[in-house]
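Please read them alongside the sequence and the coordinates.

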Amino acid sequence: MDEQALLGLNPNADASYRQRALAYFEQLKESPDAWQVCAEALAKGVYSNDHVKFFCFQVLEHQIKFRHGTLNATQQQLIRETLMKWLQLQLMSAQSEKVFIRNKAAQVFALTFVTEYLTQWPKFFFDILSLIGLNPRGVDLYLRMLMAIDAEVVDRDIQHSSEETRRNTLIKDRMREQCIPSLVESWYQILHSYQQSHSELTCQCLEVVGAYVSWIDLSLIANDRFVSLLLSHMSVEVLREEACDCLFEIVNKGMDPIDKTKLVESLCRVLQSAGFFNVEQEEDVDFLAKFSKLVNGMGQALITSWTKLVKTGDVKNAQEALRALEAKVALMLQLLVHEDDDISTNVVGFCYDYLHILKQLPILSDQQKSNVEAVMIAVMKKLTYDDEYNFENEGEDEAMFVEYRKQLKLLLDRLAQVSPELLLEAVRRVFNTTMHWQTAPFMEVEVAIRLLYMLGEALPASQGAHFSGDSTKASALQDMMRTLVTCGVSEYQHTSVTLEFFETVVRYDKFFIVEPQHIPNVLMAFLDHRGLRHSSPKVRSRVAYLFSRYVKTLHKHMSAFIEDILNRIQDLLELSPPENGYPALLTSDDQLFIYETAGVLIVNSEYPVERKQVLMKNLLEPLLGAFKLLLGKLLLEQDEERQAGLADCLNHAVGFASRTSKAFSNKQTVKQCGCSEVYRDCLQTFLPALSCPVQKEALRSGVRTFLHRMIICLEEEVLPFIPSASEHMLKDCEAKDLQEFIPLINQITAKFKAQVSPFLQQAFMPLVQAIFEVLARPAEDNDQTAALEKQMLRRSYFTFIQTVVSSGMNEVMGNQELENIERVLFTIIQGAVDIPDPIAQKTCFIILSKLVELWGGKDGLVGFPDFIYKHIVPACFLAPLKPTFDLSDAQTMLTLSECALTLKMIHLKRGPEFIQYLQQEYLPSLQVTPDIIQELCQVLQQPDSKVLKNYIKAFFQRAKL
């Protein structure tokens, strides 16, 4: 071997040596026989360097994995001999190999096994076991091989091809027939021999049993001899976690429900008599985590047995399974309330499924009712935060607790389905006790409010109508809500309690319709140091959103406070420029909610129109003043970072103004509220930003979004602003600018139709030319972003033409100069035929069909019939014949449908003349046989277009054979 190259295998070798080692590796891999040097080195133990040994195994692995089929019988025999000689060396060696080498060797053995077991090496396991006997080093490698074989053959997490899956099934079948009993016997001997002397080998062996038990005959393992050995391991500290996992796999194995019940019961009897059910006395939480998983497995196994037996009508055995299950509930509850959340989490599945059984029973026994109450108490206890929870800097532990809480919520929801009355009463009891909050720790106060909040989902009510209907539920919830808002708990000095208070107030906002007298106090909580002015930014941010929700529901009950609220939030509405240096109370995202809330209050107030107008001006004019100042600053600013900050701030101003308009509705339009003028002022102020030479993309995006809103809100009053806005947006634009501008034009076209026809006739060609110019710009071949932007722009262009022709304004295109019309028409033909993009092609055929409808008749556009025959008809046949037109693709089939409808429209407009043209000129030129021509023309003349669509598909499928 190249000793110089091997030096590069050392992790500390310099780059040139490493490079050489890599090249050498490639050379050995690709050479038909150089790998044999590595095989010899392994068989004779030539090298002591670990990295060289690992390297040799890698070369061998490559041969087996990728070149085994090209090796002759002698070479394949050499691989088998190499592995067995290497294994023999390990048995005699004074020292074990490093773990990473043992694992790699096991992988190579496993690869050889899956490749050769069914053919050349059926005695694989016999050979290995004969060689190793009970030598600890050999046993270690044997167990690692078994785990590696499990990964190759059984592990469901690894993706396999259908060929590999078929091979793996054959391997498992052959192993079951030939060697599994011998393997099981070897495991028993290993477990029995090494339980005292080599705990790590015993643990490895338990892991192997757990892995294989899912697909071998269970009776080989689930018998007195084997199970009693496993149970004895449960009493050995270093073995019991692995033993637990192994027992879990046995319990998890699919089997007959009666047998499963017996198996679980026999396990439980032994575990209970050995004292394992006394979990309070167990201090080893790692073991308890494994044990709780086993208990969960046993519980769920019994539940599955009960379900199957009930389905088959076996009442006696079903009752037996249920009795066995009920006997495990006390243990499950002990684990559910355990202070370690991992242990508790492990039995949530058992608990959830048990409650599901109770839900199905017609009547609950006293014991079952007390079980339900015990689960409730456990859930309420476990929902509580502990002292270590870090609210200011939530890390991984906190995230895990949040996830755990979600699981407990599922249990609470299930409890509500089993016994809503019991749950309501239990929550009420906890809530009323804890609302003497002055002396209670924060976690108890938070969980009491949290439980009230959770009832909202656990006890369903349509559209949040918790305070009507069922009087028991309504009055209980009403009492708790009244207590919540009158007991002063909103003053509690902890963020978790504060947040839970506001969340609950908003979840039950309908309560305030029933008792509106509490609204002023809650509004004050939202507006003062408890809410929007809280010391925690997290609380302020969430409260901004919750406040907007609260006001949206209850604005009708706030008439008396509107101006007071607007005054109190005035300073929260200020635009904070980037250079003012002190942090604002709210982020710009939070401010959006406050602006929307202000809009909702003004628009829905009972004030006369004049007052609404004044209030809306007071709300928006400071924004407009700040916008003008900042835009002036931006034009003078040279520093790019500060430019970006100013552009952001300008965009926030536009966004805030836009957000206030969300308050309007069909019942309360901008015009009816007298607010048109202030929004026109906004447009007047914002539009100059479109011609700002710096930060173009950011500013245009913001103003464009505002225009979209104003088209909806101001209706035709927006139209005077459109021409200048369009002119600015078409200057120095990129593909992305145009692609985002076209939807604006489409929105105007679709909404205002004839009203915008004069503008569209003027803007049509400038827009089209801008698109053509951007599409014609050269781009590098491998620039995928540019290619995608062009594709999206092309689609937007065709959508624009479709919008124009579908809005009944044929004059927009018809009144352009003839050469321009032709140019546009040819782009549509090109889009339909030459561009392999089924979405764009479909749009093109829709356009062509519409144009035929508009201009294809006797009084249509001069010369258009000629265009139909020369270009549109060929497009309908040439596009589907293209190799890129994939008839098995759903999107392409939609294109073909539109293509068929275009042909149908041509027939509708041109009649027999079209049929004659197809029969005598066009189809013969494509070498279509006369009988097929006849068939197609007959289908075209049928009234049902569905028949044509189906025929066209078959026609092109035949043509492409």
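**Notes on the model**

1. Glu715 lies in the loop between helix 33 and helix 34 (722-729); helices (H or I, at least four residues) and strands (E, at least two) are DSSP runs, numbered from the N terminus. Glu715 has a positive phi of about 55° although it is not a glycine. Because its relative accessibility is 37%, Glu715 counts as partly exposed; buried means under 20% relative accessible area, exposed over 50%, and partly exposed in between (1.4 Å probe, protein chains only).

2. As to provenance, this is a predicted model, in which local features need pLDDT of at least 70 and side-chain atom pairs count only at pLDDT 80 or more, while totals for chains, interfaces and linings use all residues. Residues are numbered from 1 along each chain as its sequence is written, and side-chain values use heavy atoms, with hydrogens and water left out.

3. A positive phi also occurs at Gln695, a residue other than glycine, with a value near 50°. Gln695 sits in the loop between helix 32 (676-686) and helix 33 (696-713). With 23% relative accessibility, Gln695 is classed as partly exposed.

4. The protein contains 45 helices and zero strands. Its radius of gyration (taken over C-alpha atoms) is 39 Å, well over the 30 Å that the globule rule gives for 961 residues, so the protein is more spread out than a compact globule. That rule is 2.2 Å times the number of residues to the power 0.38. Along the principal axes, the C-alpha atoms fill a box of roughly 95 × 90 × 70 Å.

5. Of the 961 residues, 51% count as buried. The protein exposes about 44,300 Å², and carbon and sulfur atoms supply 51% of that area; accessible areas come from the Shrake-Rupley method with a 1.4 Å probe, and for residues only the protein chains shown count as cover. Contact means heavy atoms within 4.5 Å. Among contacts between residues at least 6 apart in sequence, 72% join residues at least 24 apart.

6. Helix 11 (residues 199-212) has 14 residues and reaches 20 Å from its first C-alpha to its last, close to the 20 Å expected at 1.5 Å a residue; the expected span is 1.5 Å times one less than the number of residues. Eleven of the 14 residues are buried, so helix 11 is largely enclosed by the rest of the structure. Among them are Cys203, Cys205, Gly210 and Tyr212. The cover over these buried residues includes helix 8 (136-153), helix 9 (162-178), helix 10 (180-194), helix 12 (224-233) and helix 13 (240-252).

7. For helix 20 (residues 396-418), the 23 residues should span 33 Å at 1.5 Å a residue, and the end C-alpha atoms are 34 Å apart, which agrees. Its buried residues include charged ones that deserve a reader's attention: Glu398, Arg405, Asp413 and Arg414. Helix 16 (315-336), helix 19 (366-382), helix 21 (420-434) and helix 22 are among the elements that cover the buried residues of helix 20.

8. Which helix holds Ala448? Ala448 belongs to helix 22 (residues 442-458), and at 0% relative accessibility it counts as buried. Leaving aside residues up to four places away in sequence, Ala448 touches Phe431, Thr434 and Met435. Ala448 and Phe706 are 258 residues apart in sequence and 44 Å apart in space, C-alpha to C-alpha.
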